[in-house]
Amino acid sequence: MSKLTNLIVNQKESILNSKITRVIVLGCAVAFLGNYEAKAQFTLTGQVRPRVEVRAGQGTLQQDGDKAAIFTSQRTRLSAGYSGYRFKLFTTLQDVRVWGQDASSINRTTTEANNGILLHEAWAEISLVDTLSTIQNLSVKAGRQEISYDDQKVLGGLDWLQQARRHDAIILKYANKGWIADIGAAFNQNKELNTGTIYNGTNPAYGAGTNGIGTMYKSFQYAYIGKKFFFGDLSFLFFKDDFNKYTNVTAGTPPVTTKVNGEGVWSRNTTGIYYNVNATRKLNFMGSYYYQGGHDKDGRSLNANLFSITSTYQIGRKLFVGPGVDYLSGDDGTKAVTADSKNNRFDPLYGTPHKFWGSMDYFYAANGFGKQGLLNYFFKIKYNAKDNLTLALDVHGFESANTLSNGAGGELNSYLGTELDLTVKYSLTKMINIEGGYSIMKATNSMASAAVKNVANADLTPQFAYIMLNIKPNFLAKK
């Protein structure tokens, strides 16, 4: 009887221990999954951004009697991201098109040029340090991505454009104790090749870039270092972009000149500093200086620079005002360009020109404006009427940074025109925003001259207006 009792007791203890073991295992599994869920996160967001534009001289002057253009363009995006242990993934599928460009009863684009669907972003970021590391971030980010720094004057996402801007690149990223240090590189090819690395950076169907250079870089390398101080931010940038070399070959009757790409590159170097400092609690100064050397896309030696300063003073709690000036060097229009002459035109790389040089996009955007550079005086006013309502008024005075030629051995007046930009932004909700703007310019004859916009019988009072709806839903947000 005693042996039987002991056997029963042992069996009960075994069963009890087994249950306890299962409970412990189950608890560990739940804790592990809970910890995994905390570290791994899936995001799914979107954007629908239709914009109605009325163009009566946007980008360049119209001729007298020309009718205004009216159209609606739309950006549609679907973005998915995933964050796990020591890695992140992110993709954005984007479609950009004009309302009505495709027939409504077919399932394909009317023409190949109208196909606006592309992969705007597709990148992976891998952390090189464990989560227990004292370093805030040390990672490698590779793939198609936006590259933006500071005020986006020379490197920016160009969000105003419906298609925006992106790069296929790899970046080593470091961040710790207020310091940021990035080293990036890109190398482009038109397709998979078996021999050589010649790259055609010009597409005859669409001019590359938004700064009028018309040529895509073959490769770039850059280093960026920034530091946050108690008084503001300071940063340094070195950016080298390389353009495939070419030669002009003339043949045939009548003679036709053709650009033939070859081996090697011409390299352009841009070096400079940026600052954003608070002189007092209500007075802020922001500016930059960049020097550009090396060779341009056509092999000419470069010697150019950019200087910018903006001041902002806060009046009360809602009003912000301040003047500023931008100087971007250019060539002397009265001197002939030779193979040995230097190029003094500063190119603001891959930035966001719409943000700085007028909402009408007359300078450093898709339309050229000569080679004389730009001097931009401006005064900005911003009023935060409510938490969800902002009004802004910018006044620009545009002037040639160098001498303008009248084409007959003389010089033109260097003043190009005055532009006024009014913008209203209203947030209906956190995800729904409405923005509208109106711009008008009083241009001079110098602006219409062959040295700048080259428009005969020009309307010297161009105007531009738009209204834009921006909806950015977060599909996984909790209600």
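## Basis of the model

Helices (H or I, at least four residues) and strands (E, at least two) are DSSP runs, numbered from the N terminus. This is a predicted model: local features need pLDDT of at least 70, side-chain atom pairs count only at pLDDT 80 or more, and totals for chains, interfaces and linings use all residues. Residues are numbered from 1 along each chain as its sequence is written, and side-chain values use heavy atoms, with hydrogens and water left out.

## Confidence

pLDDT is the predictor's confidence in each residue, from 0 to 100. The protein averages 89. A score of at least 70 is reached by 87% of the residues.

Where pLDDT is low, the predicted coordinates should not be read in detail.

## Arg-300

Arg-300 sits in the loop between strand S11 (283–294) and strand S12 (304–315). Its relative accessibility is 13%, so Arg-300 counts as buried. Buried means under 20% relative accessible area, exposed over 50%, and partly exposed in between (1.4 Å probe, protein chains only).

Leaving out residues up to four places away in sequence, Arg-300 touches Gly-294, His-295, Asp-331, Val-337, Thr-338, Ser-341, Lys-342, Asn-343 and Arg-345. Trp-266 is 34 residues from Arg-300 in sequence. Their C-alpha atoms are 8.8 Å apart.

## Backbone features in loops

The peptide bond from Thr-253 to Pro-254 is cis, with omega near -5 degrees. Pro-254 belongs to the loop between strand S9 (232–251) and strand S10 (256–278).

Gln-152 is not a glycine, yet has a positive phi of about 70 degrees. The loop between strand S5 (137–145) and strand S6 (167–176) holds Gln-152. Gln-152 counts as partly exposed because its relative accessibility is 25%. Asp-361, also not a glycine, has a positive phi of about 55 degrees. Asp-361 lies in the loop between strand S13 (319–328) and strand S14 (374–386). At 9% relative accessibility, Asp-361 is buried.

Methods: Contact = heavy atoms within 4.5 Å.
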